Amino acid sequence: MKPMYRSLRIATILAMLVALPFESAVVAQEPPAVIDIHVDLSDAPRRIFHARLSMPVQPGSLDLLYPKWLPGEHGPTGPITDLVGLNFSADGKTISWRRDPQEMFAFQVNIPAGVTQLDIKLDYLPPSASGQFTAGAATSDRVAVMSWNALLLYPAGKSAHEIMYRPSLTLPAGWGFGTALVESRREGDEIHFATVSLATLVDSPVSAGAHHRVLDLTGKAAVRHRLHLVADSEEALDIKPETEQAFRNLVAEGIALFGSYHYSKYDFLLTLSDHVQSFGLEHHESSDNRLPERTLVEEVRMNSRAGLLPHEFVHSWNAKYRRPEGLTRDNFQTPYQTDLLWVYEGLTSYLGLVLTSRSGLWTPEYAQDALARIAARLSNRPGRTWRPLIDTTRAAQILFGSPSAGSSWRRGVDFYDEGVLIWLEVDTLIRQLSKGRRSLDDFCRTFFGGESGLATVAPYAYADLVAALAEVAAHDWKGFFDSRIYSVQAEAPLNGITNSGWRLVYTGEPNLAQQDREETRELLNLSFSLGFSVSTKDNRVLDVLPGSPAAAGGLPAASTLVAVNGRRWTPEILQQAIVDAQQANEPIRLLVENAEFFSEVLVDYHAGKRHPHLERNDRKHDLLSKILAPRLH
Ligand SMILES: [Zn+2]
């Protein structure tokens, strides 16, 4: 009923005011002192970023912090190791500093009498190798992605919303850039931005490059939506007209799904380089998307990565606006409590898949194959017999970046993919309970919609989510989630697929989504037949599924595959061996090198190629096609 829901909303708003969440407005008594920060990216091609800060101070001891827990990264991933060249001075005289003996992200300086301004110089060395998220490779000769948190210190003891920064930037000559920050003026080669809070600054990365292009995706939206492309080559910017139209559809379908938006404008940043770590990071008014150079110009690459921008766009509602209380912090040092990542990331993964299809970035058939791949992966995940999904969310900070060897037994950050299946089930249940009158779209409008306007945060707890779902369709949602998320479930939750009129099957036909992933990630995935996956780049066995034919034969994960049935292995030879074994009694013979020692592994498998697909069940309504179909075009 509506009255109950309204009282809940008021309670939520009161809780927000008490908790002083991260990006909500805080009324200051007097204008806060502003810290100037200038970042110089002139040496970005040499992998050095320079920063100068000028901070109003008072004499005495001063504690300064380097951001440690970064929103969206779900862990203490601040790249402190690559903070170098730290120098403090006042009136031209150097001031000594000390790191806290226990907290590596904290520094202490003593400000001499009479000093009112502290000058800080520091460098950040963006790594060339892979690291976690924004701590990973972020530059090439032609592009650079800069996260302000890597280049700043902030005074301890104040809310990140109270501390104000006046940012400015220098780029290599001729480079263009994109950011959600608002440009205020240019002085020579310096670009100056409007003063923002520390929270907003960290939420507003800059993507810059020698080859750049801006596309307007606004369409009929009331505020400006832009896509900023920067790339290692001019050719990489040559986006296909149908892809550009699909991104425009994404904006329209996203706003149609939620009914409103919580930003003053939205900037997609897309960095295209093979030398920058591929991933996406959500922000309130922008998203930092990083993909291989030729993603926009090669169909296989585009299909394989098409879900990234939809996922990060959904996060503007589900993550930045509505945020679990445990992920709402007023500084960057307090650890997160990540239990609700099955909503924050899981629901985003589901809605991201839906919008990728509704926007036309994927055909509905491709989206079905993507869903089948996820369902099959989670159905062949022995780790689910010991680890409940809630432990993958709670332990997210130690599971991101865990090695591929052992991943099916360990489980990783499965809440992304499993969230897709669980929220599909929620969607189909709402449709069934309401006899087709309501869907998860209605929940999205009530829980994430409301008044359009500026970027704010409305924190929520598990109980708020359950109550909001009950308003859309009466059901024991707590019991529903408790069993699927908070207890061990050996079986993957496939009810959403069966409820929607489909079933998971395995055939010899390739799964398009899996095939494209294999090609772009340079691997061969035989998880559903022999029971292992192998890198086609360095021949390393990536993982072996416990209980599979390969595991029964003794194949070690992280070993190197050398030969199949006596001949040097290639993906084609191995797949032919699987076909041939259907007509034979002998096992497939794999020669592997395991830390210098060679051995032959006998894999007794004769069931042929097995790839996951969804098959229609004509006795049920086809809800899935309805869910995946565009609403607007
Ligand atoms: Zn995400």
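These legends walk through a few views of one predicted model.

Residue numbers start at 1 along each chain as its sequence is written. In this predicted model, local features need pLDDT of at least 70 and side-chain atom pairs count only at pLDDT 80 or more, while totals for chains, interfaces and linings use all residues, and side-chain values use heavy atoms, with hydrogens and water left out.

**View 1. The whole chain.**
The chain's secondary structure comes to 20 helices and 32 strands; helices (H or I, at least four residues) and strands (E, at least two) are DSSP runs, numbered from the N terminus. Its radius of gyration, taken over C-alpha atoms, is 26 Å, close to the 26 Å that the globule rule gives for 633 residues, so the chain is as compact as a globular protein of that length. That rule is 2.2 Å times the number of residues to the power 0.38. Along its principal axes, the C-alpha trace spans about 90 × 65 × 50 Å. Buried residues make up 58% of the 633, where buried means under 20% relative accessible area (1.4 Å probe, protein chains only).

**View 2. Helix α7, end to end.**
Just after α7, Gly360 takes a positive phi of about 90 degrees.

**View 3. Inside the largest nonpolar core.**
A nonpolar core is a set of buried Ala, Val, Leu, Ile, Met, Phe, Trp, Tyr and Cys residues joined through side-chain atoms within 4.5 Å. The largest one has 100 residues, and those touching the most other members include Phe247, Trp342 and Phe443. Helix α12 (residues 415-433) gives the most to this core, with ten residues. Leaving aside residues up to four places away in sequence, Phe443 touches Leu347, Trp423, Phe448, Leu465, Ala468, Leu469 and Val472, with contact meaning heavy atoms within 4.5 Å. A second, separate core of 56 residues includes Leu64, Leu65, Leu83 and Met146.

Conventions
Buried means under 20% relative accessible area, exposed over 50%, partly exposed in between (1.4 Å probe, protein chains only).
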